[in-house]
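Please look over the structure below with this briefing at hand. The points are grouped by topic, and residues are named so that each can be found in the viewer.

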Amino acid sequence: IWGWSLVGWGVGIGTGITLAATLDLSRGDVALVNSAALWGLFSGAMLGGTILGRDPFTTNTDYDFALPFAGRNVGVATGVLISRWVEVSRGRMALIDLSGLLGTLLGGSLGTPLILDNPSENEKRWYSAIMLGSAALGIGLGALFTAGMDDVPDSVAAAAMIEVDPSGEVD
């Protein structure tokens, strides 16, 4: 198994180097793909908890490993496809990720009473579904509310970075 792991590692590194040298990626494209991979991994884990009715943060079978990593792969593919049509900045992606994180925390706090005291499989399924839905809602709202963020002219962004001390002089 270690030999195949090293072969996979080598193919992945070689593919990454080749794609980085041949593609014209912006910082926003890279941030989008990274975020999509992270949220895909999380979604795979939560989907596994929803389908299997287990705690999504423990690993007992091969399926517990397979679903999060399959989700990550779907996230990477989705991020690559979206980055072809949508141009985003790193700052906007950070805000979208933050809203997804806040949605996840809100969903986790709302679902916590379900899993406090020896939860059943059905309660674990609901908890995972609530976390997955709240993360998706947070990401969607973050994307919606930051939709015009990258349309700000560069002159406005540059003016926002000028520092003025209390005496009124520009630094």
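Predicted model: local features only at pLDDT ≥ 70, side-chain atom pairs only at ≥ 80, totals over all residues.

Two packed helices are described by the angle between their axes and the distance between the axes, while a pair of aromatic rings is described by the distance of the centres and the angle of the planes.

**Helices α4 and α5**

- Helix α4, which spans residues 90-111, and helix α5, which spans residues 121-145, have axes that come within 7 Å and cross at roughly 150°.
- Because angles over 145 degrees count as roughly antiparallel, this crossing makes α4 roughly antiparallel to α5.
- The crossing of α4 and α5 is right-handed.
- On the α4 side, the contact is made by R92, I96, S99, G100, G103, T104, G107, G108 and G111, and on the α5 side by Y127, I130, M131, S134, A135, G138, I139, G142 and A143.

**The aromatic pair in helix α2**

- One aromatic pair is present in the structure, and its members are W39 and F42, whose rings are arranged edge-to-face with 5.8 Å centre to centre and 90° between the planes.
- Both W39 and F42 belong to helix α2, which covers residues 27-52, and they sit three residues apart, or about one turn of the helix.
- W39 has a relative accessibility of 13% and therefore counts as buried; F42, with a relative accessibility of 18%, likewise counts as buried, since the cut-off for that class is under 20%.

**S35 in helix α2**

- S35 is placed in helix α2, and its relative accessibility of 6% means that S35 counts as buried.
- Leaving aside residues up to four places away in sequence, S35 touches M93 and D97.

**S83 in helix α3**

- S83 lies in helix α3, which runs over residues 62-85, and at 13% relative accessibility S83 counts as buried.
- Which residues does S83 touch, not counting those up to four places away in sequence? They are D29, L32 and V33.
- S83 and A31 are 52 residues apart along the chain, and their C-alpha atoms are separated by 9.5 Å.

Conventions: Residues numbered from 1 in each chain as written. Heavy atoms only, no water. Axes fitted to C-alpha atoms, helices over the stretch in contact; angles between N-to-C directions. Helix = DSSP H or I, 4+ residues; strand = E, 2+ residues; numbered from the N terminus. Parallel < 35°, antiparallel > 145°, perpendicular 65-115°, else oblique. Left-handed = near helix turned anticlockwise from the far one by under 90°. Contact = heavy atoms within 4.5 Å. Phe/Tyr/Trp six-rings, centres within 6.5 Å; stacked < 30°, edge-to-face > 60°. Buried < 20%, exposed > 50% of the residue type's maximum accessible area, 1.4 Å probe, protein only.
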